[in-house]
Amino acid sequence: MNKVILRVEALHERKCKKKAMKIVSNIAGIESVSVDMNENKLTLTGEMDAVEVVGKLRKLCHTEILSVGPATATATTTVKQEPKKNNKEPSNLEASIVPIQAYHYYYTSMEENPNACVIF
């Protein structure tokens, strides 16, 4: 059994919270869901793939994984841990490459295709 803590940016709005809960409830393997609206955190417990959950929630709003670990009886208290940041090495999110969409235009002239329709 896993415990996944996510930060979801749109949890402060009632409509977005309702949509996020609907998305999460349709994922197989989730046993319990808790929401902390003050810190925009969503805590999930059960047998699920954290990457799949984040992929579905990112269609709604920006979502990031804060922690993934085994769910235990002593894990009910949340311990806030700050990740160590080293300026020399970028984190996984900073190192990801976003593809840029290039637009290609195709142009044909009268000389290339003499059977083309030309309107003056």
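1. C16 is in no disulfide, and its nearest cysteine sulfur, that of C61, is 6.3 Å away. C16 is buried at a relative accessible area of 16%, where buried means under 20% relative accessible area, exposed over 50% and partly exposed in between, with a 1.4 Å probe and protein chains only. C61 likewise counts as buried, at 13% relative accessibility.

2. The model is predicted, so that local features need pLDDT of at least 70 and side-chain atom pairs count only at pLDDT 80 or more, while totals for chains, interfaces and linings use all residues. Residues are numbered from 1 along each chain as its sequence is written, and side-chain values use heavy atoms, with hydrogens and water left out.

3. V24 lies in helix α1, residues 14-25 (helices are DSSP runs of H or I with at least four residues, strands are runs of E with at least two, and both are numbered from the N terminus). V24 counts as buried at 1% relative accessibility, and, leaving aside neighbours within four places in sequence, it is in contact (heavy atoms within 4.5 Å) with I30, V33, L42, L44 and L57.

4. T43 belongs to strand β3, residues 41-46, and is buried with a relative accessible area of 17%. With neighbours within four places in sequence again left aside, T43 is in contact with K3, V4, I5, S32, V33 and S34.

Technical notes:
Disulfide = S-S within 2.5 Å.
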